[in-house]
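Open the model in your viewer and keep the selection tool ready. We will go stop by stop, and each stop says what to pick and what is there.

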Amino acid sequence: MDAVKAIARRLCRYLVAAATLLFSRRRRSGDGEEEGLRERRTSPSRPAELAVVTLLLLAALAAAGFVAAYIAKADTQVLGLGIGLALICLAAAAIVTGKAVVLQEEREEQRPEFAHPDAGHTEGAELAVTFRAGGEGISRRRLLGAAAGVAGTALGAAVIVPLASLGPAVDDRLRASPWERGIRLVDENGLAVPAADLSAGSFLTAFAEGVDHEELAASVVVVRVDPRDLELPPERASWAPSGILAFSKVCTHAGCAVNLFRKPLYPPQQPGPALVCPCHYSTFDVLRAGEVVFGPAGRPLPQLPLSIDADGNLVAAGPLSGNVGPAWSGVRES
Amino acid sequence: MTEGPERMLAVAAAALALGAGVLWLAPAVAQPGESRASSGEKQNVALVDRGHRLFQEECSSCHGFDARGVPDQGPSLRGTGAAATDFYLRTGRMPLSYPGQVPTRARPRYSERQIQALVAYVASFGGPRIPAVHPERGSSTEGQQLFTSHCAGCHSITAEGGVATGVAAPTLKDSTSTQVAEALRMGPYLMPRFNRELIDRHGVDSIARYVADIQQPDDAGGWGIGHIGPVPEGMVAWFLAAAALLLTARLIGESRRGGG
Amino acid sequence: MIRRVSEAVEERTGGAAFLRKTLRYVFPDHWSFLLGEIALYSFVVLVATGIFLALFFSPSTADTTYQGSYGPLVGQEVTKAYESGLSLSFDVPAGLLMRQTHHWAALVFVAAITMHLMRIFFTGAFRKPRDVNYYIGLTMLMVAVFEGYLGYSLLDDLLSGMGLAIGYAVALSLPVLGADFATLAWDGQFPGTSEFFSRMFIAHVLILPILLAALITIHLVFIARPHHTQFAGPGRTERNVVGIPMWPGYALRSIGLMLAVAGILFIMGGLIQINPIWLWGPYHTYQATNGAQPDWYLGWLIGALRLVPGFDVKIGSYTLVPNPFWGGALFPLAVFGFLFAWPSIERRITGDRSQHNVLDRPRDAPVRTAVGAALFSFVATVFFAGSADRAFVQIGIKYEVQIWIYRALTVLLPFVVYAITRRTCEELRARELALGAAPPRRVRRGPGGGFTPAGR
């Protein structure tokens with residue numbers, strides 16, 4: 001009787017073990033959809049499905065609206081709303097479907113192993129061995145290597161050099177300026193600028209006659225101040241007839257047009273009459289030959305010497321006092 | 001710095017010269033608020049008288065009892081003319097709270113009648129009349145070109161105002177055409193002066209037209225977000241779009257780390 | 001029917017097993033892992049709208065007289081490039097919608113990359129084996145910023161033209177090479193010839209998009225191969241990935257995100273005006289407007305250009321380093337250089353050379369988080385210096401004063417932020433340890449008994 005009980009107990013244990021094995025979660029065995037599954041939630045959600053249907057229909061409506069609006073040449077706002085709402089409704093439909101309608105699962109997956117070099121004999125080491133094996137039998141390694149290096153460098157240079165076709169060499173093109181003695185100043189419409197047209201506080205953009213206005217060096221800004229306030233260096237004493245001054249309009253910092261003239265009528269006077277660049281606020285004192293009084297510019301604004309010709313028009317009395325526009329590495333200021 | 005009075009005299013002299021030129025132009029038109037310069041001697045005298053009394057009470061502490069200015073307080077107003085007075089009073093830039101304050105646009109302190117009286121009083125010393133502006137006669141293309149060349153450097157291309165060293169150029173969103181013309185011809189405070197030779201009457205009309213139009217810009221693309229360009233655009237990109245997309249991401253993904 | 005398609009695919013490519021594996025690929029589902037996808041889908045919108053725009057745009061600087069529908073510009077001489085931009089805005093049906101959506105997408109593209117970069121940085125996702133992928137990502141950020149700059153400069157309006165002048169000045173300022181490089185790119189002195197616009201166009205619509213697409217592909221492969229990182233949590237180890245399978249859950253979420261990105265961008269493209277080039281007018285070298293700014297992702301550069309004091313490095317009358325170099329070239333290179341170098345720096349500081357697939361919370365790595373926060377505060381200060389001038393002048397702070405305040409802040413603030421951030425992280429962790437709420441950590445038993453944390 002005890003032997004039978006013992007056998008029965010053992011049989012029970014075997015059965016329980018078998019059942020456990022059969023019905024428990026399988027981790028690595030098997031190829032079915034159970035592999036790696038941690039959690040599954042599949043209860044159907046009628047409200048969610050209904051929501052998705054509604055959203056899809058709304059999307060269709062909005063898209064149809066977009067087509068109709070396009071045909072009717074509606075405003076950009078209507079067009080944008082149409083296609084935008086259609087896409088957003090579709091987005092909502094997709095998200096709700098993904099989160100509440102389709103099969104919900106949380107799964108687990110194993111990552112591939114990337115061997116660490118410290119881990120001993122690795123695939124990486126094997127790769128190196130395979131690679132090196134290809135060089136078995138080579139005798140003059142260093143010579144071959146050096147020759148390959150020279151050839152590679154030369155070929156690399158040969159490949160890069162045609163890039164130079166993209167543009168001109170620097171040469172004196174960057175320094176070029178149309179201004180010289182006798183060149184007349186003209187306004188935006190190409191008409192000469194009579195000196196009498198300017199009064200104290202005037203501010204005008206002018207160009208070298210006959211030159212493309214877009215050329216950086218061509219544009220100057222002309223202002224008129226009280227001649228008694230001028231503090232020009234002695235060699236420029238004659239550059240400002242009647243208190244009329246001209247400077248290059250291109251900022252010496254980063255090339256924006258210096259399109260701002262502040263002309264104080266009464267205190268606060270500091271800074272005094274000045275040309276200011278609206279990009280980074282480099283400030284050039286017109287009474288002191290375009291000296292930088294504030295801001296990141298590293299060079300004063302080039303000044304154009306002026307004189308008044310027989311007809312009373314403004315003409316240049318010489319070239320600009322410096323290079324136009326932003327400096328470049330290696331430029332020498334004359 | 002006590003160059004004040006001499007400079008003001010120089011300015012007044014220049015203004016007088018300018019005034020002579022302006023007087024050559026068409027007479028002041030009867031726009032609302034402009035001084036009626038020649039509608040009866042008796043009325044005019046009464047107005048000037050009233051303006052004189054008002055001036056004594058309100059303006060003389062800085063500009064002097066005879067409008068010749070007070071050193072270090074305020075410049076002489078002789079020869080500055082109706083245009084300047086009209087501009088400063090109507091834009092509320094005068095009176096200042098204290099000498100040396102930066103004039104900024106504000107609600108006008110004086111009533112219509114008071115302004116007319118003060119304008120008449122200062123105008124009695126000579127100087128430029130209030131200019132006649134006809135924006136409808138201006139060309140919007142010429143206005144765009146002139147404004148870009150002469151004004152955008154300080155006031156920005158959409159007339160939203162701007163910044164420079166030691167100054168903030170005001171927005172022109174509230175400016176009337178007359179005020180635009182007055183400011184152009186006067187060159188108030190730090191602004192350059194544009195005389196008739198540089199910008200003729202038609203040019204002023206065009207600029208006034210541009211300013212009037214730009215006060216309601218063409219927002220074909222939708223909400224204009226201030227018409228100052230990439231700064232509000234960047235703010236919208238971050239605080240509207242990126243925020244909305246972050247929200248969407250939160251809705252899609254899980255937020256508890258290791259949760260779910 | 002699905003069965004028939006699947007069989008057909010297997011018959012022709014033998015790829016059914018691979019596809020099956022792909023469908024079962026597991027994505028960890030934290031919301032912050034979606035930021036990169038926001039960037040990816042913005043790129044998709046950019047390409048789609050960009051193709052439309054490229055069919056209408058004319059990258060030519062030839063002059064033409066504008067005769068279109070916008071009054072204030074009628075009769076003016078403008079370039080064909082600007083005119084085609086106006087035509088797209090006013091005459092092409094849905095043209096303005098496409099233009100605006102394209103521009104908004106560009107702003108959001110770089111914003112999403114930035115948010116994604118911050119997530120990568122502060123969770124330590126750049127550690128091995130993903131450091132190469134991190135370098136690829138940083139490269140894409142640089143390319144994206146440059147691509148955006150070229151894009152809005154193509155229109156030849158006043159604002160972007162001023163920006164090109166500044167770009168030219170920065171190029172010129174590069175020591176030794178600057179002048180040659182700038183005249184090479186511009187085919188002469190600024191504003192250059194018509195060649196320059198053709199080059200910008202080809203770079204913007206062909207070269208850089210292809211480069212970006214290739215980098216994105218490599219980036220995605222380098223994510224898929226080691227699988228995505230995940231935060232620590234129950235059942236999550238260095239060797240597994242726990243999350244949602246690609247099919248159906250993740251695919252639908254991702255498609256939903258793509259549609260949401262496109263939808264939001266199109267709504268903005270229709271309702272919120274961006275870059276109204278008709279208001280700016282055409283560019284001329286002799287014109288400028290107050291308040292000109294670059295797009296937001298270049299704001300840090302305009303800030304830097306404004307903050308650097310005014311000096312050219314000279315020897316006698318010979319200019320060595322013009323001023324724009326420091327703010328326009330050295331500053332961004334230094335920031336990106338630091339970001340590129342950080343994985344190596346961190347490996348050296350911590351001595352940790354192992355691979356990591358489990359992410360840190362920011363507080364788990366106080367030094368890294370503090371350094372990142374300090375760098376961010378540095379760049380952010382410079383960024384605000386570039387655009388806050390108007391706002392502060394309105395409240396009465398003069399521009400000249402602002403500049404000095406910002407200069408002081410850029411030097412001092414990063415140190416303050418570093419100290420505060422590091423301390424905060426350490427306090428948070430200490431509190432968690434005390435409360436027993438922290439994830440499991442190694443502990444060390446002292447010689448006299450008792451346990452102490454033996455963490456990083």
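**Stop 1: chain A as a whole**

Select chain A. Among its contacts with a separation of 6 or more, 55% are between residues 24 or more positions apart. Two residues are in contact if their C-beta atoms, placed from the backbone, lie within 7 Å.

Some ground rules before moving on. This is a predicted model, in which local features need pLDDT of at least 70, side-chain atom pairs count only at pLDDT 80 or more, and totals for chains, interfaces and linings use all residues. Residues are numbered from 1 along each chain as its sequence is written, while chains are lettered from A and ligands numbered from 1 in the order in which they are written.

Stay on chain A and show it as a cartoon. Its secondary structure comes to five helices and 13 strands. Helices (H or I, at least four residues) and strands (E, at least two) are DSSP runs, numbered from the N terminus.

How much of chain A is buried? Buried residues make up 37% of its 334 residues. A residue is buried if 20 or more other C-beta atoms lie within 10 Å of its own, exposed if 12 or fewer, and partly exposed in between.

**Stop 2: the nonpolar core**

Select Val222(A), Leu275(A), Val108(C), Phe109(C) and Val261(C). These have the most contacts inside the largest nonpolar core, which has 261 residues. Such a core is a set of buried Ala, Val, Leu, Ile, Met, Phe, Trp, Tyr and Cys residues joined through C-beta atoms within 7 Å.

Next, pick helix H5 of chain C, residues 95-123. This helix gives the most to the core, with 18 residues.

Zoom in on Phe109(C). Which residues does Phe109(C) contact, leaving aside its neighbours within four places in sequence? They are Ala39(C), Ser42(C), Phe43(C), Leu46(C) and Ala144(C).

**Stop 3: where A meets C**

Show chains A and C together. Their contact takes 70 residues from chain A and 81 residues from chain C. On the side of chain A, the elements giving two or more residues are helix H3 (76-101), strand E2 (104-110) and strand E10 (291-294). H3(A) gives the most, with 15 residues. This side of chain A divides into 34 nonpolar, 22 polar and 14 charged residues. Here Ala, Val, Leu, Ile, Met, Phe, Trp, Tyr, Cys and Pro count as nonpolar, Asp, Glu, Lys and Arg as charged, and the others, Gly among them, as polar.

Select E2(A) and strand E5 (residues 240-245) of chain C. Four bridges join these strands, which run antiparallel. Two strands pair if DSSP finds at least two bridges between them. Find Glu108(A): it stands opposite Val242(C) in E5(C).

**Stop 4: where B meets C**

The contact takes 56 residues from chain B and 63 residues from chain C. Which element gives the largest share of the side of chain B that touches chain C? H10(B) does, with 15 residues. This side of chain B holds 23 nonpolar, 26 polar and seven charged residues.

**Stop 5**

Most residues other than glycine have a negative phi, and most peptide bonds are trans. Look at some exceptions.

- Lys128(C) to Pro129(C): this peptide bond is cis, with omega near 0°. Pro129(C) is in the loop between H5 and helix H6 (131-153) of chain C.
- Phe190(C) to Pro191(C): this bond is cis too, with omega near 5°. Pro191(C) is in the loop between helix H8 (178-186) and helix H9 (194-224) of chain C.
- Ala67(B): its phi is positive, about 65°, although it is not a glycine. Ala67(B) is buried, with 21 other C-beta atoms within 10 Å.
- Asp72(B): its phi is positive, about 65°, and it is not a glycine. Asp72(B) is partly exposed, with 13 other C-beta atoms within 10 Å.
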